[in-house]
Amino acid sequence: RLSNGSWRRLGGAATPAVSGMSSVGVDVSALLREEEVVVAGLDHDAGSELAWLDAAAHPNRPLEAGHVLRLPLWCAGKLHDYGHVTLALPEMFSDGPRRDMDADASHLNLRECCDWYFETGRELAGRLNDESLLETLSRGFVARFHKLLGAALSASSRVDTTAQKAKLTRVERALFDAGQHAKRSADAWRLARNAKLEASKFAARRRKRKAGAGDI
């Protein structure tokens, strides 16, 4: 059973279990997630040498306090930690989407919003001390997990599951695939066990018939 507490530990050391590791031990999925673009506002004036932070800015003009930047998550997060920028929550984590998440999380198309929806939201909520967002994401993830796991364990291996996975985030798709793999393995084990039982019963009946024939 996946609880809210266990969801909080999703990510970090737990993420490679459901994401791709390269042959040299690099978590490619984590690198891609860190490239997610977020919005941040400068907390102070910055010299012209930092104008490269905004590709649309003049290369020789300083950036003023309040200037809005679009930065990859890894960069924006570090600048926020050092007090240079203030992170802004994307629209997908605003009050409306939060209410939708609490109302019916399993039917939301989160893949359309962001393939790393929960991981990105979790990191932003942590840096912004937004406990409400963290709780909403936790409840939503748990609700969607139980729904997708049920679908994965009940789907036939001959059925195309593309439509079922269309609304899932990257981690959710990996969990869905893991569920289907577990189901196929369990089905194969049951078939093999039943075949052995039938073979054993057949052998027992044959021995019994031979024993009966010997008594005649």
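This is a predicted model: local features need pLDDT of at least 70, side-chain atom pairs count only at pLDDT 80 or more; totals for chains, interfaces and linings use all residues.

Residues are numbered from 1 along each chain as its sequence is written, and side-chain values use heavy atoms, with hydrogens and water left out.

**Overall layout**

- The protein chain has nine helices and three strands; helices (H or I, at least four residues) and strands (E, at least two) are DSSP runs, numbered from the N terminus.
- Along the sequence, these elements come in the pattern α-α-β-β-α-β-α-α-α-α-α-α.
- Of the 216 residues in the protein chain, 34% are buried, where buried means under 20% relative accessible area, exposed over 50%, and partly exposed in between (1.4 Å probe, protein chains only).
- Among contacts in the protein chain with a separation of 6 or more, 67% join residues 24 or more positions apart; a contact means heavy atoms within 4.5 Å.

**Cysteines**

- A disulfide is a covalent bond between the sulfur atoms of two cysteines.
- How many disulfides does a search of the whole structure find? The search finds zero, counting a pair of cysteine sulfur atoms within 2.5 Å as a disulfide.
- Cys114 is in no disulfide, and its nearest cysteine sulfur, that of Cys113, is 8.1 Å away.
- Cys114 is buried, because its relative accessible area is 4%.
- Cys75 is also buried, with a relative accessible area of 10%.

**The largest pocket**

- The largest pocket has a volume of about 230 Å³. On a 1 Å grid over the protein atoms alone, a pocket is an open set of points where a 1.4 Å probe fits, with protein on both sides within 12 Å along at least five of seven lines, and lining residues have an atom within 4 Å of a point. The volume is the space filled by probe spheres set on the points, which are joined across faces, edges and corners.
- Residues lining this pocket include Ser106, His107, Arg144 and Phe176.
- Helix α7 (131–154) and α8 (162–165) each give two or more residues to the lining, and α7 gives the most, with four.
- The lining divides into five nonpolar, three polar and three charged residues.

**A look at Thr120**

- Thr120 sits in helix α6 (residues 117–127).
- Is Thr120 buried or exposed? Thr120 counts as buried, because its relative accessibility is 0%.
- Leaving aside neighbours within four places in sequence, Thr120 is in contact with Arg33, Glu36, Leu73, Phe93 and Cys114.

Terms used: Ala, Val, Leu, Ile, Met, Phe, Trp, Tyr, Cys and Pro count as nonpolar, Asp, Glu, Lys and Arg as charged, and the others, Gly among them, as polar.
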